[in-house]
Amino acid sequence: MAALPSLRQLSYLVTLSETLHFTEAARRSFVTQSTLSGGIMELERLLGGVLVERDRQNVRLTPLGEQVVARARVLLADAQDLMRLSREMSEPLTGDLHLGIIPTIAPFILTQLLEEVHKQLPKIQLHLHEAQSEKIVERLEHGNLDMVVLALPFDTRGLKVVDIAKENLFLVCNKHDKHASSAQSLDDLDLSRLMLLEEGHCLRDHALSACPVGERKNDNRLKASSLPTLVEMVSSNLGFTLLPEIAINTHMLKFNDDLMVKEIENAPSRVLALITRKSTPLQSEFDVILDILKRITSSLSD
């Protein structure tokens, strides 16, 4: 059998692809720069092609290098799952668990989630990572996260997906906004006044999915970086927004007398889901987390 690349060599290449800087890649890999460079050169020799172009100013991957990095990430994630599988067999329901959650879900479930995980999985050390959907799915694919909570529809790229709950989006407007407050459906609204989160938030895409094509293409609205900011903008009567059911009964809205919340016809919806890799060794943990999340979301919609 021909010599095969090592996981360490593949790891060096993946880290270099993320930094495009040999010194920084070596630092992240906890090796000297010469060790990292030597590992990548040996990888190039084994594969019979140039993976990295180098000059005094720039480091870039070749087309072959990009393909090798994509496959290396899968191999490295599978290797991490293999290590976790061994631990699960000897010490089930123990150790670290890295869970990613998007910002339009995290604030509404974290307190109850942490309490329930502590009760039901006392030997698990839960690490929470909040980021937008694309980022946490990417980190899940690379093996940096064990599972993620996000809202569908979203491209989950062949990962294992289990629905938690479906929720409608509700109209939230200033009570003095006579036009929005009297609306019965999306068709009654001036969608040019629809306030949205910045690009990258899936809630933005879910809200826009109900808008006419022209509204989606010519989106010059004011945009918020977070849900609290979005609520403040609506409270100032700059426009109206659509918020998920999970956010409706929170302190952001409950103590703001300027706001009106109402259910309208033709409103878009989203599905909360728990997602992991199909090769995950943490099926038992996944099942417990899924059950906890279903009960939390059910209690929030009561």
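Entry 1, ground rules. I am looking at a predicted model, where local features need pLDDT of at least 70, side-chain atom pairs count only at pLDDT 80 or more, and totals for chains, interfaces and linings use all residues. Residues are numbered from 1 along each chain as its sequence is written, and side-chain values use heavy atoms, with hydrogens and water left out.

I looked up residues 269-276, which form strand β11; strands (E, at least two residues) are DSSP runs, numbered from the N terminus. Is β11 mostly covered or mostly open? I found it mostly covered, with seven of its eight residues buried; buried means under 20% relative accessible area (1.4 Å probe, protein chains only).

Two strands pair if DSSP finds at least two bridges between them. I saw that β5 (residues 147-152) pairs with β11 in the antiparallel sense over six bridges, and that M147 stands opposite T276 of β11. Strand β6 (residues 160-174) also runs antiparallel to β11, joined by eight bridges. Here I noted K166 with V271 as its bridge partner, and A165 with L272.

Entry 4, back to β6. Which residue in β9 stands opposite L169? I found P244 there; β9 (residues 241-244) and β6 share four bridges in the antiparallel sense. With β10 (residues 259-262), β6 makes four antiparallel bridges, and V172 has V261 as its bridge partner in β10.

Definitions and conventions:
Buried < 20%, exposed > 50% of the residue type's maximum accessible area, 1.4 Å probe, protein only.
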